[in-house]
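Please keep the sequence and the structure at hand while working through them.

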Amino acid sequence: MSTMNISLPNSLKSFVDQQVSERGYGTSSEYVRELIRKDQDRQRLRGVLLAGAATAPASPADAAYFEGLRDRVRRAAEPDSRG
């Protein structure tokens, strides 16, 4: 694992220390790693949402669409009548 040193103003250092204490982190590094992971997740989600927004609209998810899904589930749940 690599090491990274950061400088924080006293107010931010106090905030980090408080979060470590109150939220059960063992160290400030654990807290910062979780923040970075959450930021990565947010960026991935943003990318997925932007990609979805850039695609052409599909058929509407109306009552007929959902009824079609229900029919597919019902057919999949039926016992095999060939047997």
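Predicted model: local features only at pLDDT ≥ 70, side-chain atom pairs only at ≥ 80, totals over all residues.

Residues are numbered from 1 along each chain as its sequence is written, and side-chain values use heavy atoms, with hydrogens and water left out.

**Exercise 1.** Determine whether Q19 is buried or exposed, and identify its contacts beyond four places in sequence.

*Solution.* Step 1: locate the residue. Q19 belongs to helix α1, residues 10-23; helices are DSSP runs of H or I with at least four residues, numbered from the N terminus.
Step 1: classify it. Buried means under 20% relative accessible area, exposed over 50%, and partly exposed in between, with a 1.4 Å probe and protein chains only. The relative accessible area of Q19 is 11%, so Q19 is buried.
Step 2: list the partners. With neighbours within four places in sequence set aside, Q19 is in contact (heavy atoms within 4.5 Å) with G24, Y25 and Y31.

**Exercise 2.** State which residues form a nonpolar patch on the surface, and classify I6 by its accessibility.

*Solution.* Step 1: apply the criterion. A patch of this kind takes residues with over 30% relative accessible area and no salt bridge, joining nonpolar side chains (Val, Leu, Ile, Met, Phe, Trp, Tyr) within 5 Å.
Step 1: name the members. The patch consists of M4, I6, L8 and L12, which together have about 420 Å² of accessible area, by the Shrake-Rupley method with a 1.4 Å probe.
Step 2: examine one member. I6 is found in the segment before α1, and I6 counts as exposed because its relative accessibility is 54%.

**Exercise 3.** Describe the salt bridge between E34 and K38, and then the network that includes D71 and R74.

*Solution.* A salt bridge is a side-chain nitrogen of Lys or Arg within 4 Å of a carboxyl oxygen of Asp or Glu. The whole structure has seven.
Step 1: examine the first pair. The closest N and O atoms of E34 and K38 are 3.1 Å apart. Because these two residues are four apart in helix α2 (residues 28-54), about one helical turn separates E34 and K38.
Step 2: examine the second pair. D71 and R74 both lie in helix α3 (residues 63-77), three residues apart, and their closest N and O atoms are 2.6 Å apart.
Step 3: extend to the network. Salt bridges link E67, R70, D71 and R74.

How values were computed: Patch = residues over 30% accessible without salt bridge, like charges linked within 9 Å, V, L, I, M, F, W, Y side chains within 5 Å.
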